[in-house]
Amino acid sequence: MPGACTDSGSTLAIRPGGIGDTILTLPAIEHLKPGEIWVRSEIVPLVRGAFRVRSIASTGVDLLGIPGVEPPPGLVASLRRFSRIDSWYGATRPEFRDALAGLCDDVRFHAALPAEGFRGHAADFFLSQVGGHGAAIPAIATGPVERRRSIVFHPYSGSARKNWPMERWIRLEQELGGVEWAESPDGTRFEDLLELARWIAGASLYVGNDSGITHLAAAAGARVIALFGPTDPEVWAPRGEKIRVVRAASMEEISIAMVREAVEQQLQQLPR
């Protein structure tokens with residue numbers, strides 16, 4: 001597939017990955033000021049409005065470079081519209097890298113995650129990949145939110161070892177009262193992540209594990225308590241002025257009293 005990108009001056013950013021990783025990459029993407037961004041389908045609502053956005057699944061770009069597989073009609077032409085492509089996708093797929101490089105003279109591949117042993121914050125790492133500097137603080141524009149005096153619990157994450165024991169969530173709910181559960185079988189569920197972000201931002205406080213939804217809450221401007229065990233908050237904690245991290249060597253070592261104290265301290269910061 002010979003040819004090169006145009007000289008349009010427009011950049012394409014391709015960012016796969018989960019909710020948290022993509023949110024932490026938002027400052028880097030904002031630094032690029034891309035003409036278009038391709039992300040996972042569920043993340044499209046979070047960046048729609050800030051950028052022209054497409055889901056990676058809808059583009060067929062994942063088929064690029066697979067031997068014997070023709071890319072979808074229009075994909076090659078779409079890619080050639082850009083004068084620069086920054087991709088966190090396909091960095092470990094040589095065939096994909098070669099195929100994309102054959103379509104554009106300026107293709108820049110970035111590691112999707114910091115290397116093992118990295119010291120610093122992941123958001124700063126992603127920003128530095130595209131030439132940015134300073135403390136990167138992800139933000140999502142939710143629009144107007146409806147304020148309510150409640151605490152949102154989100155007791156899940158992408159890994160069981162990052163989950164605080166469910167019985168402690170239930171005990172803490174009984175002690176505190178006024179709790180709303182997000183995404184639980186009996187809680188409030190949203191199909192659209194932007195609606196979820198807006199709903200969380202309207203609460204007095206959010207409490208969650210190290211998860212994509214916790215990063216979503218922080219980026220939406222919520223007051224957040226993030227529970228960390230096996231992962232390093234120096235690298236992966238949500239960022240913002242209203243964030244408090246409760247950490248122990250394992251999630252089982254985080255006591256109800258530790259979280260209760262953090263909740264009370266955060267609630268004391270609320271405007272009267």
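Visitor: What makes strand β4 (residues 84-87) and β5 a pair?

Guide: They share 3 bridges in the parallel sense, and two strands pair if DSSP finds at least two bridges between them, so these two qualify. One of those contacts has Asp86 with Arg108 in β5 as its bridge partner. Keep in mind that this is a predicted model: local features need pLDDT of at least 70, side-chain atom pairs count only at pLDDT 80 or more, and totals for chains, interfaces and linings use all residues. Residues are numbered from 1 along each chain as its sequence is written, and side-chain values use heavy atoms, leaving out hydrogens and water.

Visitor: Why are β3 (53-55) and β5 (107-109) said to stand at the edges?

Guide: The open sheet has 5 strands, ordered β3-β2-β1-β4-β5 with parallel pairing. β3 and β5 each have a single partner strand, so one side of each is left without a neighbour in the sheet. From one strand to the next, the twist averages 15°. As for the names, strands (E, at least two residues) and helices (H or I, at least four) are DSSP runs, numbered from the N terminus.

Visitor: How do you know which way helix α1 (residues 19-32) runs against β1 (11-15)?

Guide: Axes are lines fitted to C-alpha atoms, for helices over the stretch in contact (heavy atoms within 4.5 Å). Angles between N-to-C directions run from 0 to 180 degrees, and α1 comes out at about 170° to β1, lying across β1, β2 (36-39) and β4. Helix α5 (residues 94-101) packs on the sheet too, touching β4 and β5, and makes about 155° with the direction of β5.

Visitor: What is the strand order of the open sheet that includes β6 and β8?

Guide: That open sheet of 5 strands reads β7-β6-β8-β9-β10, with parallel pairing. Its edge strands, β7 (179-181) and β10 (243-247), each pair on one side only. Strands β6 (residues 151-154) and β8 (residues 205-209) are joined over 4 bridges in the parallel sense, with Val207 in β8 as the bridge partner of Phe153. Helix α9 (residues 212-219) lies across β6, β8, β9 (224-228) and β10, at about 155° to β8.

Visitor: Why is Leu63 called partly exposed?

Guide: Buried means under 20% relative accessible area and exposed over 50%, with partly exposed in between (1.4 Å probe, protein chains only). Leu63 has 30% relative accessibility, so partly exposed is the label. Leu63 is in the loop between α3 (56-59) and α4 (75-80).
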